[in-house]
Amino acid sequence: MAELGGKGVTAGKIASNVQKKLTRAQEKVLQKLGKADETKDEQFEQCVHNFNKQLSEGTRLQKDLRTYLASVKAMHEASKKLTECLQEVYEPDWPGRDDTNKIAENNDLLWTDFHQKLVDQALLTMDTYLGQFPDIKSRIAKRGRKLVDYDSARHHFEALQTAKKKDETKIAKAEEELVKAQKVFEEMNVDLQEELPSLWNSRVGFYVNTFQSIAGLEENFHKEMSKLNQNLHDVLLGLDKQYSGNAFPIKAQPSDSTPGKANKSPSPPPDGSPITSPENKTVNHELESSSLEAPGASIPKSPSQPAEAAHAGAEAAGSEAAAGAEASKAEADSGSASSSLPAVVVETFPATVNGTVEGGASSERADMPPGFLFKVQAMHDYTATDSDELQLKAGDVVLVIPFENPEDQDEGWLMGVKESDWMQHKELDQCRGVFPENFTERVQ
């Protein structure tokens, strides 16, 4: 018979293959419909299940290993860029420049060696391990086809034997085909029955060897890298000693529990209003103090006297002292007196009814947080940038309190608690915070 296409494929062979496919398809349909029994081997099916699981695990391990290698390569490049930066900024007259360059070279070689050994001892081994699965998978599929052929030949032989009109010639030929199909199937089945359990058991040793290799390579790599890092540390320590006078000051940052703001200037308010100058505040306080230090303006303050009453008394004393000074000057001009008399200070206190301060000043102050100084109202919104700052909206009323440690207060910042938070929680530790003074105005 003539060959087709010059490749040794004859028309008879093609027809035989087509006939086999049709017979297998027909047999599978009959088995699914329950009209033909199917040869089952539960032990082999378990082996196939294990094989598929092993292949899936191995494929995942290979993928993750390639990802790990890509990460090592990326770290190598990042480390190389970092050492190149160090080499560029390390000036020629600084001590240890040659050592720095040598460390950078060794660092690059160490990363390269680590990556290559991972490829040789882990990835290539992984590829070899997975390389045996495609052939076995193909043989499992072929065994399945031969099993269908065997079942089909068996059913054909049985049908001829039970037929009413027997044809001995056909029966003999069918028996011959059955024996041949059974032999081919059993040969493949026996081989796979031996290989699949052995392959399944080999996974333990393979995983052990693979991860031991990776762990050992990592251990050696980090040991060598640790030595290089120590050498670099020593080189930089020598540079630091030679230029110790030019040390970079690193200032400690305040923790979240620290109420003060370290080395921070308040932001200008949104409307462009100038930031209140601390120097101006100092001068104003001095002027206020000097006005209260007029002759006779000394005001005794009892421990139980409210601070606001004392302040009001001081202002009254200052006014009357000034009035006394004007009167003395007038008397001196007219010659009615040779010298002015000390001003008489009249100190006023809130009226009380049955021991209660009239107007509710005392009760109002009792509701304020400890150390309450005065109230301010936010003129602009302020967005907090740290956890110890207050978030303010225009119109918020803030109760100003002193800093626990006066040294923590920075210029232009106040400590306080929003009035709404204080009235709701009565808890300073949860509500208090610092805020820029120039975002607020005093209201009381």
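Tutor: Let's start with a term: a helix here is a DSSP run of H or I with at least four residues, and helices are numbered from the N terminus. Keep in mind that this is a predicted model.

Student: Thanks! Which helices each supply at least two residues of the lining of the second largest pocket?

Tutor: They are α1 (11–33), α4 (133–161) and α5 (168–242). Of these, α5 gives the most to the lining, with 9 residues.

Student: What makes a residue part of that lining, and which residues lie nearest the centre of the second largest pocket?

Tutor: A lining residue has an atom within 4 Å of a pocket point. The second largest pocket is lined by 22 residues, and Lys20, Thr23, Asp149, Ala153 and Glu177 lie nearest its centre. Its volume is about 830 Å³. By class, the lining has 7 nonpolar, 8 polar and 7 charged residues.

Student: Now the rings: why is the pair of tyrosine 382 and phenylalanine 439 called edge-to-face?

Tutor: Two values decide. The ring centres are 5.2 Å apart, and the cut-off for a pair is 6.5 Å. The planes stand at 75°, while planes over 60 degrees apart count as edge-to-face. The pair is therefore edge-to-face. Tyrosine 382 sits in the loop between β5 (374–378) and β6 (397–401), and phenylalanine 439 in the loop between β8 (433–436) and β9 (440–442), 57 residues apart, so the pair links distant parts of the chain. Both residues are buried.

Student: How many aromatic pairs does a search of the whole structure find, and which residues form one aromatic cluster?

Tutor: The search finds 11 pairs. Phe51, Tyr129, Phe133, Phe206 and Tyr207 form one cluster.

Student: How do you know that arginine 143 lies over the face of phenylalanine 44?

Tutor: CZ of Arg must be within 6 Å of the ring centre and within 35 degrees of the ring normal. Arginine 143 is at 3.5 Å from the ring centre and lies over the face of phenylalanine 44. Likewise, arginine 203 lies over the face of tryptophan 200, at 3.7 Å.

Student: Why is cysteine 47 called buried, and what is cysteine 85 called at 42% relative accessibility?

Tutor: Buried means under 20%; cysteine 47 has a relative accessible area of 12%, so cysteine 47 is buried. Cysteine 85, at 42%, falls between 20% and 50%, so cysteine 85 is partly exposed.

Student: How many disulfides are counted?

Tutor: The count comes to 0, with a cut-off of 2.5 Å between cysteine sulfur atoms.

Definitions and conventions. Residues are numbered from 1 along each chain as its sequence is written. This is a predicted model: local features need pLDDT of at least 70, side-chain atom pairs count only at pLDDT 80 or more; totals for chains, interfaces and linings use all residues. Side-chain values use heavy atoms; hydrogens and water are left out. Rings of Phe, Tyr and Trp (its six-membered ring) pair if their centres lie within 6.5 Å; planes under 30 degrees apart count as stacked, over 60 as edge-to-face and the rest as tilted. Buried means under 20% relative accessible area, exposed over 50%, partly exposed in between (1.4 Å probe, protein chains only). On a 1 Å grid over the protein atoms alone, a cavity is a set of points where a 1.4 Å probe fits but cannot get out, and a pocket is an open set with protein on both sides within 12 Å along at least five of seven lines; lining residues have an atom within 4 Å of a point. Grid points are joined across faces, edges and corners, and a volume is the space filled by probe spheres set on the points. Ala, Val, Leu, Ile, Met, Phe, Trp, Tyr, Cys and Pro count as nonpolar, Asp, Glu, Lys and Arg as charged, and the others, Gly among them, as polar.
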